Amino acid sequence: AAYTKALARVATVSSFEGYRATLAEFANSLGDGHLETWTRSSPREVSWAGIVAAKRGPGWVVAAGDPKLTGQDLDGARIVSCDKVPMERFARDIMSFHALLGVDASVVLHGGWLLVDDGNPFVHYPRECSFERNGQQVSVQLHWPAIAWTELRKTYWKNVIGHSGFGVRQSDGGGYWIALGDLTSPAQAVVDATQAASAAIRAARYVVIDLRGNGGGNDLYGRMLANALYGDAHAVSVLGPMPADGECKSAWRASPDNLAAMEALLAERTQAGEAAVSGELAIGVKDMKTARAQGRALTGALTCAQPATRSHVAAPSLIHAPVVVLTDAACFSSCLGTLELFRKLGAIQVGQSTNADTHNSEVRAIALPS
């Protein structure tokens, strides 16, 4: 369906903006956050109506704006409709080019585009919108002057996610705060610091694992953190064996370019001294080479039955503190895997809803011929 719609778009494309929009909508329509298209250049200018929108809960609000263009201060006002079309329906038409429809976090991340005209020829931008503030509703005629893209981003665009950073620290009230900004190489130091202070952390009044801004990486770091907090025996009894020891292996498409990319990543991680991650990558490289030698397109089956013999009696947990996991809309990919591990171990999730899981877990970027 996505391909058929894209072909219909292609027949009418006569500009770079239309080309970009067609590919973006096609990628978003596949419903997999790991699959996306983007361009190497950003527009120098866009048009806007003096409003940068944001999705808050089920509705839309004015996150920032320029009263000189709108004629009044609309910051914080709820956007009711545009050109008499209810906001939810109006937003779907525009956001299909920027986000995965039906995935709330994806729409939140890209919501600033709602009332910013990037030249997309398939979108009708409104002449009038209705806003509500303090119970009062007002209609505003919209004008669409150009603005430098850099100025819009710097002055008006709102960052909708947090940035936890990295580190382990004591926090107020006798707790510990573990910040894990992503699941790449800096996460190793956080795992090591947690392991070094494990006795104190396990005896704390509470533990917060801060995943704000975490877009993923390798959830092996999340598993190592779980083992450091709960103890190896408890983690294995609840979560099963460590990935390298488990019965279910990752399945890779064994193409020449995938193999080359994996070998380059393995060399990089090995040089960085990340033994656990390098071990996982080495298995992937070996499996790809074996599959290619045997003429197989994939390294293994895409489904795998978990063993039914796991003990129903969990080994004792070594942590006595309640564990809280803080998330926002950025949590995606391996961050979702890490969150799932901690929820299975009994942690409480707070914050905003995360992004959604997908069919693919590892991808690489390539440049199209165009």
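Reader: Between which two strands is the loop that holds Lys-84?

Author: Keep in mind that this is a predicted model. Lys-84 sits in the loop between strand 4 (78-82) and strand 5 (85-86).

Reader: What is the phi of Lys-84?

Author: Start with the general idea. Most residues other than glycine have a negative phi. Now the case here. Lys-84 is not a glycine, yet its phi is positive, near 65°.

Reader: Is Lys-84 buried or exposed?

Author: Exposed means over 50% relative accessible area. Lys-84 has 73%, so it counts as exposed.

Reader: Which residue other than glycine has a positive phi of about 50°?

Author: That is Asn-134. Asn-134 lies in the loop between strand 7 (128-133) and strand 8 (136-141). With a relative accessible area of 73%, Asn-134 is exposed.

Reader: Let us turn to charges. How many salt bridges does the structure hold?

Author: The general idea is simple. Side chains of opposite charge can pair when their charged atoms come close. This structure holds 10 salt bridges. One of them joins Lys-5 and Glu-25, with 3.2 Å from N to O.

Reader: Where do Lys-5 and Glu-25 lie?

Author: Lys-5 is in helix 1, and Glu-25 is in helix 2 (residues 16-29). The pair therefore ties together parts that are 20 residues apart in sequence.

Reader: Is Glu-25 buried or exposed?

Author: Buried means under 20% relative accessible area. Glu-25 has 3%, so it is buried. Lys-5 has 42% and is partly exposed.

Reader: With which residue does Asp-66 form a salt bridge?

Author: With Lys-68. Their closest N and O atoms are 3.3 Å apart. Look at the two ends of this bridge. Asp-66 is buried at 10% relative accessibility, whereas Lys-68 is exposed at 73%.

Reader: How many residues apart in helix 13 are Glu-340 and Lys-344?

Author: They are 4 residues apart in helix 13 (residues 334-344), which means a separation of about one helical turn. Glu-340 is partly exposed, with a relative accessible area of 45%. Lys-344 is exposed at 53%.

Reader: Now the rings. How many aromatic pairs does a search of the whole structure find?

Author: It finds 8 aromatic pairs. Take Trp-48 and Tyr-156. Their ring centres are 4.6 Å apart. Their planes meet at 45°, so the pair is tilted.

Reader: Which parts does the pair of Trp-48 and Tyr-156 tie together?

Author: Trp-48 lies in strand 1 (residues 45-48). Tyr-156 lies in helix 6 (residues 149-156). The pair therefore ties together parts that are 108 residues apart in sequence. Both Trp-48 and Tyr-156 are buried.

Reader: What is the angle between the planes of Trp-149 and Trp-157?

Author: For edge-to-face, the planes must be over 60 degrees apart. Trp-149 and Trp-157 have 75° between their planes, and the pair is edge-to-face. Centre to centre, the distance is 5.6 Å. Trp-149 is buried at 12% relative accessibility. Trp-157 is buried at 16%.

Reader: Which residues do ring pairs link into a cluster?

Author: Trp-113, Trp-149 and Trp-157.

Reader: Which side chain has a polar contact with that of Ser-171?

Author: The side chain of Tyr-206, at 3.0 Å. Ser-171 lies in strand 10 (residues 166-171). At 15% relative accessibility, Ser-171 counts as buried. Set aside its neighbours within four places in sequence, and Ser-171 is in contact with Tyr-176, Trp-177 and Tyr-206.

Reader: Last, the surface. Which residues make a nonpolar surface patch of about 320 Å²?

Author: Tyr-3, Leu-7 and Val-10 make it. Find Val-10 in helix 1 (residues 2-10). Val-10 has 48% relative accessibility, so it counts as partly exposed.

Note on methods. Residues numbered from 1 in each chain as written. Predicted model: local features only at pLDDT ≥ 70, side-chain atom pairs only at ≥ 80, totals over all residues. Heavy atoms only, no water. Patch = residues over 30% accessible without salt bridge, like charges linked within 9 Å, V, L, I, M, F, W, Y side chains within 5 Å. Areas by Shrake-Rupley, 256 points an atom, 1.4 Å probe, with all protein chains shown as cover. Salt bridge = Lys/Arg side-chain N within 4 Å of Asp/Glu carboxyl O. Buried < 20%, exposed > 50% of the residue type's maximum accessible area, 1.4 Å probe, protein only. Polar contact = N/O pair within 3.5 Å; in protein donor to acceptor, adjacent residues only side chain to side chain. Contact = heavy atoms within 4.5 Å. Phe/Tyr/Trp six-rings, centres within 6.5 Å; stacked < 30°, edge-to-face > 60°.
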